[in-house]
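Good morning, colleagues. Please look at the sequence and the structure as they come up on the screen.

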Amino acid sequence: MIAKIMCGAPNGWFDEASLKDASISIGVDRGALVLVNQGIIPDIAIGDFDSIGECDYQKIQQLCSKVIKLPCEKNETDTEVAIEYAISLGVTEIYIYGAMGGRIDHTLANIRLLLQFSEAKVRIFIVDQTNSLCLLSRGDHKFLRPAHQYISFFAFETTVKGLTLRGLKYPLTNYELTQGDIRCISNEVLADKFSLSFDEGYLLMVNSRD
(Lines give C-alpha, C1' and ligand atoms only; values in the text may rest on other atoms or scores of the structure.)
Protein backbone atom coordinates (compact mmCIF):
# COMPACT_ATOMS: atom_id res chain seq x y z
CA MET A 1 0.00 0.00 0.00
CA ILE A 2 1.20 3.48 -0.88
CA ALA A 3 0.19 6.73 0.82
CA LYS A 4 0.61 10.14 -0.83
CA ILE A 5 0.66 13.12 1.53
CA MET A 6 0.40 16.76 0.41
CA CYS A 7 1.69 19.38 2.83
CA GLY A 8 1.27 23.12 2.48
CA ALA A 9 4.54 24.71 1.36
CA PRO A 10 3.79 27.73 -0.86
CA ASN A 11 5.48 26.17 -3.89
CA GLY A 12 4.37 22.65 -3.06
CA TRP A 13 4.11 20.67 -6.28
CA PHE A 14 1.50 18.01 -6.76
CA ASP A 15 -0.70 16.94 -9.64
CA GLU A 16 -3.28 14.27 -10.30
CA ALA A 17 -0.71 12.02 -11.97
CA SER A 18 1.15 11.85 -8.65
CA LEU A 19 -1.85 10.05 -7.17
CA LYS A 20 -1.83 7.37 -9.85
CA ASP A 21 -0.59 4.52 -7.66
CA ALA A 22 -1.75 5.85 -4.27
CA SER A 23 -3.79 3.59 -2.03
CA ILE A 24 -4.66 6.60 0.11
CA SER A 25 -4.19 10.36 -0.32
CA ILE A 26 -3.90 12.76 2.61
CA GLY A 27 -4.04 16.56 2.56
CA VAL A 28 -2.24 18.17 5.49
CA ASP A 29 -3.51 21.58 6.62
CA ARG A 30 -3.07 24.01 3.69
CA GLY A 31 -2.03 21.04 1.57
CA ALA A 32 -5.65 19.85 1.61
CA LEU A 33 -6.69 23.20 0.16
CA VAL A 34 -3.96 23.00 -2.49
CA LEU A 35 -5.40 19.67 -3.61
CA VAL A 36 -9.07 20.63 -3.67
CA ASN A 37 -8.24 23.83 -5.54
CA GLN A 38 -6.72 21.59 -8.24
CA GLY A 39 -9.85 19.50 -8.32
CA ILE A 40 -8.15 16.65 -6.42
CA ILE A 41 -10.13 15.46 -3.41
CA PRO A 42 -7.92 13.72 -0.83
CA ASP A 43 -9.26 10.69 1.01
CA ILE A 44 -8.44 12.38 4.32
CA ALA A 45 -7.69 15.95 5.39
CA ILE A 46 -5.63 16.33 8.58
CA GLY A 47 -4.46 19.42 10.42
CA ASP A 48 -5.21 22.27 12.76
CA PHE A 49 -5.95 24.37 9.65
CA ASP A 50 -4.58 27.51 11.29
CA SER A 51 -2.95 28.56 8.01
CA ILE A 52 -6.22 28.96 6.11
CA GLY A 53 -9.39 30.98 6.61
CA GLU A 54 -12.74 29.72 7.81
CA CYS A 55 -14.27 29.75 4.30
CA ASP A 56 -11.46 27.57 2.95
CA TYR A 57 -11.81 25.20 5.91
CA GLN A 58 -15.53 24.87 5.24
CA LYS A 59 -14.72 24.10 1.60
CA ILE A 60 -12.45 21.25 2.72
CA GLN A 61 -15.13 19.96 5.09
CA GLN A 62 -17.72 19.94 2.32
CA LEU A 63 -15.53 18.13 -0.24
CA CYS A 64 -13.52 15.67 1.86
CA SER A 65 -15.28 12.61 3.21
CA LYS A 66 -13.01 12.49 6.28
CA VAL A 67 -11.52 15.50 8.09
CA ILE A 68 -9.41 15.13 11.22
CA LYS A 69 -9.22 18.49 13.03
CA LEU A 70 -6.22 18.77 15.34
CA PRO A 71 -5.72 21.29 18.15
CA CYS A 72 -3.46 24.24 17.35
CA GLU A 73 -1.43 23.72 20.53
CA LYS A 74 0.14 20.27 20.42
CA ASN A 75 3.53 18.54 20.62
CA GLU A 76 3.36 17.00 17.12
CA THR A 77 3.33 18.73 13.76
CA ASP A 78 0.42 18.16 11.39
CA THR A 79 2.71 16.26 9.01
CA GLU A 80 3.91 14.02 11.83
CA VAL A 81 0.32 13.09 12.70
CA ALA A 82 -0.42 12.41 9.01
CA ILE A 83 2.56 10.03 8.76
CA GLU A 84 1.51 8.22 11.94
CA TYR A 85 -2.01 7.87 10.57
CA ALA A 86 -0.76 6.47 7.25
CA ILE A 87 1.46 3.95 9.04
CA SER A 88 -1.48 2.85 11.19
CA LEU A 89 -3.28 1.89 7.97
CA GLY A 90 -0.51 -0.57 7.08
CA VAL A 91 1.09 1.28 4.17
CA THR A 92 4.54 0.18 2.99
CA GLU A 93 5.58 3.42 1.25
CA ILE A 94 4.81 7.08 1.92
CA TYR A 95 5.47 9.96 -0.48
CA ILE A 96 5.32 13.45 0.99
CA TYR A 97 4.86 16.48 -1.26
CA GLY A 98 4.97 20.18 -0.38
CA ALA A 99 7.27 19.55 2.58
CA MET A 100 10.17 21.68 1.30
CA GLY A 101 10.56 25.18 -0.06
CA GLY A 102 8.48 27.15 2.43
CA ARG A 103 9.62 28.02 5.96
CA ILE A 104 13.10 26.63 6.50
CA ASP A 105 12.23 25.45 10.04
CA HIS A 106 9.35 23.41 8.63
CA THR A 107 11.62 21.99 5.92
CA LEU A 108 14.21 20.93 8.51
CA ALA A 109 11.53 19.48 10.78
CA ASN A 110 10.10 17.44 7.90
CA ILE A 111 13.53 16.05 7.02
CA ARG A 112 14.08 15.14 10.66
CA LEU A 113 10.77 13.28 10.65
CA LEU A 114 12.49 10.80 8.33
CA LEU A 115 14.77 9.91 11.24
CA GLN A 116 11.87 9.62 13.67
CA PHE A 117 10.17 7.02 11.47
CA SER A 118 13.32 5.33 10.14
CA GLU A 119 12.69 2.15 12.15
CA ALA A 120 9.01 1.88 11.19
CA LYS A 121 9.67 -0.55 8.29
CA VAL A 122 8.03 1.95 5.92
CA ARG A 123 9.96 3.72 3.20
CA ILE A 124 9.22 7.44 3.38
CA PHE A 125 10.15 9.83 0.57
CA ILE A 126 10.02 13.63 0.60
CA VAL A 127 9.47 14.71 -2.99
CA ASP A 128 9.45 17.93 -5.01
CA GLN A 129 9.95 18.63 -8.71
CA THR A 130 13.73 18.25 -8.61
CA ASN A 131 14.49 16.13 -5.52
CA SER A 132 13.52 13.00 -3.63
CA LEU A 133 14.84 12.32 -0.12
CA CYS A 134 14.74 9.06 1.80
CA LEU A 135 16.45 8.09 5.06
CA LEU A 136 17.64 4.50 5.35
CA SER A 137 18.58 2.47 8.42
CA ARG A 138 21.20 -0.29 8.46
CA GLY A 139 20.68 -3.36 6.29
CA ASP A 140 20.37 -4.28 2.62
CA HIS A 141 18.31 -2.04 0.31
CA LYS A 142 17.30 -2.49 -3.33
CA PHE A 143 15.84 0.17 -5.62
CA LEU A 144 14.65 0.59 -9.18
CA ARG A 145 16.26 3.29 -11.34
CA PRO A 146 15.17 6.62 -9.82
CA ALA A 147 13.43 9.43 -11.65
CA HIS A 148 16.35 11.85 -11.67
CA GLN A 149 19.93 11.61 -12.92
CA TYR A 150 21.96 12.18 -9.78
CA ILE A 151 21.96 10.25 -6.54
CA SER A 152 23.86 11.30 -3.42
CA PHE A 153 24.35 9.83 0.03
CA PHE A 154 25.05 11.55 3.36
CA ALA A 155 25.66 10.24 6.85
CA PHE A 156 22.79 11.52 9.00
CA GLU A 157 23.32 12.13 12.73
CA THR A 158 26.10 9.54 12.99
CA THR A 159 28.81 7.76 11.00
CA VAL A 160 27.63 5.19 8.46
CA LYS A 161 29.84 2.09 8.65
CA GLY A 162 30.35 -0.65 6.08
CA LEU A 163 28.69 1.25 3.21
CA THR A 164 28.61 -0.69 -0.05
CA LEU A 165 27.09 0.72 -3.27
CA ARG A 166 26.30 -1.51 -6.25
CA GLY A 167 25.02 -0.69 -9.72
CA LEU A 168 26.22 2.91 -9.59
CA LYS A 169 28.79 4.76 -11.69
CA TYR A 170 31.01 5.11 -8.62
CA PRO A 171 30.70 1.93 -6.51
CA LEU A 172 31.95 1.59 -2.95
CA THR A 173 32.83 -1.36 -0.78
CA ASN A 174 32.79 -1.34 3.02
CA TYR A 175 33.27 2.43 3.22
CA GLU A 176 33.02 4.49 6.41
CA LEU A 177 31.03 7.65 5.67
CA THR A 178 31.29 10.34 8.34
CA GLN A 179 28.94 13.30 8.76
CA GLY A 180 31.50 15.69 7.28
CA ASP A 181 32.33 13.47 4.30
CA ILE A 182 30.79 14.48 0.94
CA ARG A 183 32.49 11.82 -1.19
CA CYS A 184 29.14 10.23 -2.04
CA ILE A 185 27.61 13.23 -3.81
CA SER A 186 26.45 13.25 -7.48
CA ASN A 187 26.68 9.54 -8.20
CA GLU A 188 24.67 8.06 -11.09
CA VAL A 189 22.64 4.89 -11.60
CA LEU A 190 23.90 2.73 -14.50
CA ALA A 191 21.28 -0.01 -14.69
CA ASP A 192 17.55 -0.51 -14.13
CA LYS A 193 18.26 -1.41 -10.51
CA PHE A 194 20.82 -0.60 -7.86
CA SER A 195 21.45 -1.72 -4.29
CA LEU A 196 23.29 -0.66 -1.19
CA SER A 197 24.02 -1.98 2.25
CA PHE A 198 25.60 -0.75 5.48
CA ASP A 199 26.08 -2.05 8.99
CA GLU A 200 25.59 0.96 11.23
CA GLY A 201 24.15 4.48 11.18
CA TYR A 202 21.54 6.33 9.12
CA LEU A 203 22.00 7.16 5.45
CA LEU A 204 20.21 10.06 3.75
CA MET A 205 19.68 9.27 0.06
CA VAL A 206 18.98 12.23 -2.22
CA ASN A 207 17.92 11.79 -5.85
CA SER A 208 18.17 15.08 -7.78
CA ARG A 209 18.23 16.77 -11.15
CA ASP A 210 19.48 20.19 -12.25
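Among contacts in the chain between residues at least 6 apart in sequence, 59% join residues at least 24 apart. Please keep in mind throughout that this is a predicted model.

Let me turn to the overall architecture. The chain contains 4 helices and 12 strands. Its radius of gyration is 18 Å, close to the 17 Å that the globule rule gives for 210 residues, so the chain is as compact as a globular protein of that length. The C-alpha trace spans about 55 × 35 × 30 Å along the principal axes.

As for burial, 49% of the 210 residues count as buried. The accessible surface of the chain amounts to about 10,600 Å², and carbon and sulfur atoms account for 49% of that surface. Regarding charge, there are 20 positive and 27 negative side chains in the chain, and the centres of these two sets lie 6 Å apart.

I now come to the cysteines. A disulfide is a covalent bond between the sulfur atoms of two cysteines. How many disulfides does the structure hold? The number is 0.

T79 belongs to helix α3, which covers residues 78-88. Is T79 buried or exposed? T79 is buried, its relative accessible area being 8%. Leaving aside neighbours within four places in sequence, T79 is in contact with C7, V28, N110 and L113.

Finally, I would draw your attention to the backbone. Most residues other than glycine have a negative phi. D29, which is not a glycine, has a positive phi of about 50°. D29 sits in the loop between β2 (24-28) and α1 (30-37), and with a relative accessible area of 8% it is buried. N174 also is a residue other than glycine with a positive phi, in this case near 55°. N174 is located in strand β10, residues 172-177. Where D29 is buried, N174 is exposed, with a relative accessible area of 57%.

Thank you for your attention.

Technical notes. Residues numbered from 1 in each chain as written. Predicted model: local features only at pLDDT ≥ 70, side-chain atom pairs only at ≥ 80, totals over all residues. Heavy atoms only, no water. Helix = DSSP H or I, 4+ residues; strand = E, 2+ residues; numbered from the N terminus. Rg over C-alpha atoms; globule rule 2.2 N^0.38 Å. Buried < 20%, exposed > 50% of the residue type's maximum accessible area, 1.4 Å probe, protein only. Contact = heavy atoms within 4.5 Å. Areas by Shrake-Rupley, 256 points an atom, 1.4 Å probe, with all protein chains shown as cover. Lys, Arg positive; Asp, Glu negative; His and termini not counted. Charge placed at Lys NZ, Arg CZ, Asp CG, Glu CD. Disulfide = S-S within 2.5 Å.
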